[in-house]
Structures are given as structure tokens and as C-alpha cells.
Amino acid sequence: MRSATWPSPAPSTGAPSPPLVVLTSNRTREVHDALKRRCLYHWIDHPGLDREVAIVRRRIPAVSETLARQVVAAVQRLRTEDLVKPPGVAETLDWVAALQRLGSPELDLETAARTLGAVIKYREDAERVRQALDRVLAR
């Protein structure tokens, strides 16, 4: 930012320089070009299997290693499908939480089909995934 747009020091904080602002986006909404020109970009890929399992086990400590690995492996396979909205880590956590709430010790075909709404958010994606669910759950 130019100094003309940011008086120094910042009146509300007494800071001698403008604040550093971090914006995150999952590209669901368009960001105005004027804002884009003022940004530096850094893209972060989804975590690998072991890292995502560690995230799940840290956020949901009561989950078994087996269930965490089954769900993460299935989600990672779903990310390779041609989906409108591939699931992120938040959807992985939602799915694990739903399965735990139902008392499911493992991710089987029937339970996955019943809880698919925790991980897939678009109807078109759900229909596509239901047809391939046995392949997605293949171990």
C-alpha cells in the first residue's frame, strides 16, 4: 500500500506501518481484480495420507487409527475424481465425526453410502460418487 492510503502511525493501533493481512480462499467466490493485484499468492496442496491422518487424530483424539486411515484414504481417492467440489480436510473431519457419532468402527460400503453427505456437498458429485463408491473404498 502507498503511504498516502495508510497514515503513519496507524491511528487505532499506533503501529508505524500498515498491518499484514492474510487472505485465504477456496475459490468459491470471485475476488475483485483490484484486490488480486495487491496480493502475493501461495498455493497449498492437500496434505498427504500420513499428515491428514495425524490432523484427524489430533482434532478427533477418540478416533481409532483404523477408522482415521480408512476415511482419509477414501477422501484422498475422492479428490482424484472429477468433482464439482473435491473434499478438503474439513470434510474429512466432518465424515470422521459423523462416523464416530454413529458408532461405526470402520468405513464399510453401507455406512459410507449413508454418511456421504458429510463429505460430498453437491448432488451431481454425490450421484457420481455413489456409482463409484466400491472403487473409492477399495483398500
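The following questions and answers go through a predicted model of a protein.

Trainee: How are the residues numbered, and what does the model count?

Mentor: Residues are numbered from 1 along each chain as its sequence is written, and side-chain values use heavy atoms, with hydrogens and water left out. Local features need pLDDT of at least 70 and side-chain atom pairs pLDDT 80 or more, while totals for chains, interfaces and linings use all residues.

Trainee: What share of the protein counts as buried?

Mentor: Buried means under 20% relative accessible area, exposed over 50%, and partly exposed in between (1.4 Å probe, protein chains only). Of the 139 residues, the share that counts as buried is 31%.

Trainee: Which elements cover the buried residues of α3?

Mentor: Helix α3 spans residues 65-78, and its buried residues are L67, A68, Q70, V71, V72, A73, A74, V75 and L78. A contact means heavy atoms within 4.5 Å. The cover of these buried residues includes α2 (49-59), α4 (89-101) and α6 (123-136).

Trainee: Is A54 buried, partly exposed or exposed, and which helix holds A54?

Mentor: A54 is found in helix α2. The C-alpha atom of A54 is separated by 9.5 Å from that of R69, 15 residues apart along the chain. With a relative accessible area of 36%, A54 is partly exposed.

Trainee: Why does the pair of Y41 and W43 count as stacked?

Mentor: Rings of Phe, Tyr and Trp (its six-membered ring) pair if their centres lie within 6.5 Å; planes under 30 degrees apart count as stacked, over 60 as edge-to-face and the rest as tilted. By this rule the count comes to one aromatic pair. The rings of Y41 and W43 have centres 5.5 Å apart and planes at 15°, so the pair is stacked.

Trainee: Which of the helices gives the most to the lining of the largest pocket?

Mentor: A pocket is an open set of points on a 1 Å grid over the protein atoms alone, where a 1.4 Å probe fits, with protein on both sides within 12 Å along at least five of seven lines; lining residues have an atom within 4 Å of a point. The largest pocket is lined by 37 residues, of which L23, T24, S25, Y41 and H42 lie nearest its centre. Both α1 (33-37) and α4 supply at least two residues of the lining. The helix that gives the most, with three residues, is α4.

Technical notes. Helices (H or I, at least four residues) and strands (E, at least two) are DSSP runs, numbered from the N terminus. The expected span of a helix is 1.5 Å times one less than its number of residues.
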